[in-house]
Amino acid sequence: MNSSLFKEVILLCKFIQDLLLGIQELIMPPKAFSWQVLIYLSVFSWVISYLAIGFIKDIIAFSGWLFLITGTAWYTTDDPLRVPGTFMPVGALITGFLVSVFAFGHEVNVVTSKTIVFWPTIAAIITAIPEFFAGTGTTSKAAIPKLEVRQKVIILLAWSMLISCWLQFYFVLDQWLKEYPSLSAQNFQRSTFVIRLEPKSKTPQNGNLILNKMQPLVEEQIFGKPWSEVEKWLIEANQQLGNLGKDVIYKNLEQYDEKGLWGIEPRVVNVKSGYRLDILTIWTGPSANTRGFYLQKSCLIQPVAAVNKPENQNAVAEIECDRTNKFFIGSPPPKQ
């Protein structure tokens, strides 16, 4: 019992010793010119750059990036692990990412959309560069690769550039949906390029927002006002709603580029007890449907005193609007 326990303790000590030796070999440079030294120089350069000022700080930080990229490339190409199905070393992906961050990142956001987009192409270029040199070390010289190598390089570059294009296409679509969120209500089922991962929104949120903000303003213009003034207001509804709509749109959609693609129009319909005012928010931007779409909020306007006493000339108006907005795909109804 004691001997077996003693053996386990010895094995554990040996494991810890081997682990520490492995860490020591990884950390301690075997010689003055090695990838570990370059990594340490990069860390040292960044520390010093925080203490420097002016253009000296930028020069030291730039040197730190060069040391890091060179050291990482050296370490990852000593015994390269290939990306499955290609001759690209995994180290080229790591080095390409560092180069892309160095070229397109900034202090606020180290990883930007350009960093991600150019990453595959830069990694492919890093993979292809050694193929244009023959020999090793200081004896290497420029040489044209063999035909089969050139084919592999061209295919790798083409695939990497294609991936970069698709990544750029994703960021473009993402930016469009941020600037024009109403596009998210479109139907992309027939699209070859767009796959919806999130549930489709039933109605454009900005269209609903405009109608909900318009409702109290219209009610304020009509409720309790003399019926004759209200009828005059309805005759001039195009101008009245147009002025109110511009203020509402630019106030509530100021942060969106789509604010200029929404329009507001009224439709006034005679009903038995008075009038029905349909407030339309019309989308004039790109749409999956060639006829576009619009949202509608209907309000019933009627004279209060005239309901029971039509002869009363001092009637005032009351207004009652629908709680929900209706969404229609197609062109809005013609003006009457």
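**One disulfide in a predicted chain**

A disulfide (a pair of cysteine sulfur atoms within 2.5 Å) ties Cys299 to Cys321, with 2.1 Å from S to S. It's the one disulfide that the structure holds. The pair links distant parts of the chain, 22 residues apart: Cys299 sits in strand E5 (residues 293-303) and Cys321 in strand E6 (residues 317-321). The link of Cys299 and Cys321 is right-handed, with 105° about the S-S bond. This is a predicted model, where local features need pLDDT of at least 70 and side-chain atom pairs count only at pLDDT 80 or more, while totals for chains, interfaces and linings use all residues. Residues are numbered from 1 along each chain as its sequence is written, and side-chain values use heavy atoms, leaving out hydrogens and water.

As for cover, Cys299 and Cys321 are both buried, whereas Cys165 counts as exposed because its relative accessibility is 51%. Here buried means under 20% relative accessible area, exposed over 50%, and partly exposed in between (1.4 Å probe, protein chains only).

Zooming out, the chain has 10 helices and seven strands; these are DSSP runs numbered from the N terminus, with helices (H or I) of at least four residues and strands (E) of at least two. Of its 336 residues, 29% come out as buried. Take the contacts (heavy atoms within 4.5 Å) between residues at least 6 apart in sequence: 56% of them join residues at least 24 apart.
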